[in-house]
Amino acid sequence: MNYHQYYPIDVVNGEGTRCTLFVSGCEHKCVGCHNASTIKPDSGHPYTLELEEQILKDLGDPRIIRNGLSLSGGDPLYPGNLEAVGRLARRVKETYPDKNIWMWTGYVREELTPAQWDVVAYVDVLVDGPYIQAERDITQPWKGSRNQRILRREAGDLSL
């Protein structure tokens, strides 16, 4: 897996103060994509275990104490990202069970594969659906178009 950017302190991508990782690879290729440079899976930088360890360390920062990790891209659920994203999400939940994980994906919840569900099992908030330029709505927090949904585990939105 490759990634484009990692922010150890971020207040834009999800509720509260978070660590945010933008991965490479997306098969949706949405017209008007905000992160079009992340579409190619081999773009950006190689994701390493050293970066993963840094993310886990950064999540211990007192400014992140009640918040968590955001995973965006590209698409964290892109098939080539599932192994690394799944391992990171599992390790975050093992190390910090009270932290939440937000994830943005162009896939729709109802169409996720079993392998994608294995990763979503660790996610607390999933913003699903492709960006549709004709439905662009900048008044919506944390999503770019009206068709996208903010699904929360606590509300029962993320069960099989």
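**View 1. Lys-29 in the loop between β2 and β3.** Lys-29 sits in the loop that links β2 to β3 (45–46) in this predicted model. Its phi is positive, about 50°, although the residue is not a glycine. Most residues other than glycine have a negative phi. Lys-29 counts as exposed because its relative accessibility is 54%, and the cut-off for exposed is over 50%.

**View 2. Trp-142 in the loop between β6 and β7.** The loop between β6 (125–128) and β7 (149–152) holds Trp-142. This residue, too, is not a glycine and has a positive phi, about 70°. Its relative accessibility is 28%, so Trp-142 counts as partly exposed.

**View 3. The open sheet.** Seven strands make up an open sheet with mixed pairing. Their order is β3-β1-β2-β4-β5-β6-β7. β3 and β7 are the edge strands, each pairing on one side only. Helix α1 (residues 49–58) packs on the sheet and touches β1 (2–10), β2 and β4. The direction of α1 makes about 20° with that of β1. Helix α2 also packs on the sheet, where it touches β2, β4 and β5. Between the directions of α2 and β5 the angle is about 160°.

**View 4. Strand β4 and its partners.** All six residues of β4 (residues 68–73) are buried, so the strand is largely enclosed by the rest of the structure. β4 pairs with strand β2 (residues 18–23) in the parallel sense, over six bridges. Here Phe-22 stands opposite Ser-72 of β4. β4 also pairs with strand β5 (residues 100–104), again in the parallel sense, over four bridges. In this pairing Gly-68 stands opposite Asn-100 of β5.

View 5. β4, helix α2 (residues 82–95) and β5 form a β-α-β unit of right-handed sense. With 14 residues, α2 spans 20 Å from its first C-alpha to its last. That is close to the 20 Å expected at 1.5 Å a residue.

**View 6. The buried residues of α2.** Which residues of α2 are buried? They are Leu-82, Ala-84, Val-85, Gly-86, Leu-88, Ala-89, Val-92 and Lys-93. Strands β2, β4 and β5 are among the elements that cover them. The cover also includes helices α1 and α3 (114–120).

**View 7. The pairing of β5 with β6.** β5 and β6 pair in the parallel sense, over three bridges. Trp-104 has Val-127 of β6 as its bridge partner.

**View 8. Asp-128 and its contacts.** Asp-128 belongs to strand β6. At 1% relative accessibility, Asp-128 counts as buried. Its side chain reaches the backbone nitrogen of Arg-109 at 2.8 Å. The side chain of Asp-128 also makes a polar contact with the side chain of Arg-149, at 2.5 Å. Neighbours within four places in sequence aside, Asp-128 is in contact with Thr-105, Tyr-107, Val-108, Arg-109, Gln-148, Arg-149 and Leu-151.

How values were computed:
Residues are numbered from 1 along each chain as its sequence is written. This is a predicted model: local features need pLDDT of at least 70, side-chain atom pairs count only at pLDDT 80 or more; totals for chains, interfaces and linings use all residues. Side-chain values use heavy atoms; hydrogens and water are left out. Buried means under 20% relative accessible area, exposed over 50%, partly exposed in between (1.4 Å probe, protein chains only). Helices (H or I, at least four residues) and strands (E, at least two) are DSSP runs, numbered from the N terminus. Two strands pair if DSSP finds at least two bridges between them. A crossover is right-handed if, with the strands pointing away from the viewer, the path from the first strand over the helix to the second runs clockwise. A polar contact is a pair of N or O atoms within 3.5 Å; within protein, one must be able to donate a hydrogen and the other to accept it, and residues adjacent in sequence count only if both atoms are side-chain atoms. Contact means heavy atoms within 4.5 Å. Axes are lines fitted to C-alpha atoms, for helices over the stretch in contact, and angles run from 0 to 180 degrees between N-to-C directions. The expected span of a helix is 1.5 Å times one less than its number of residues.
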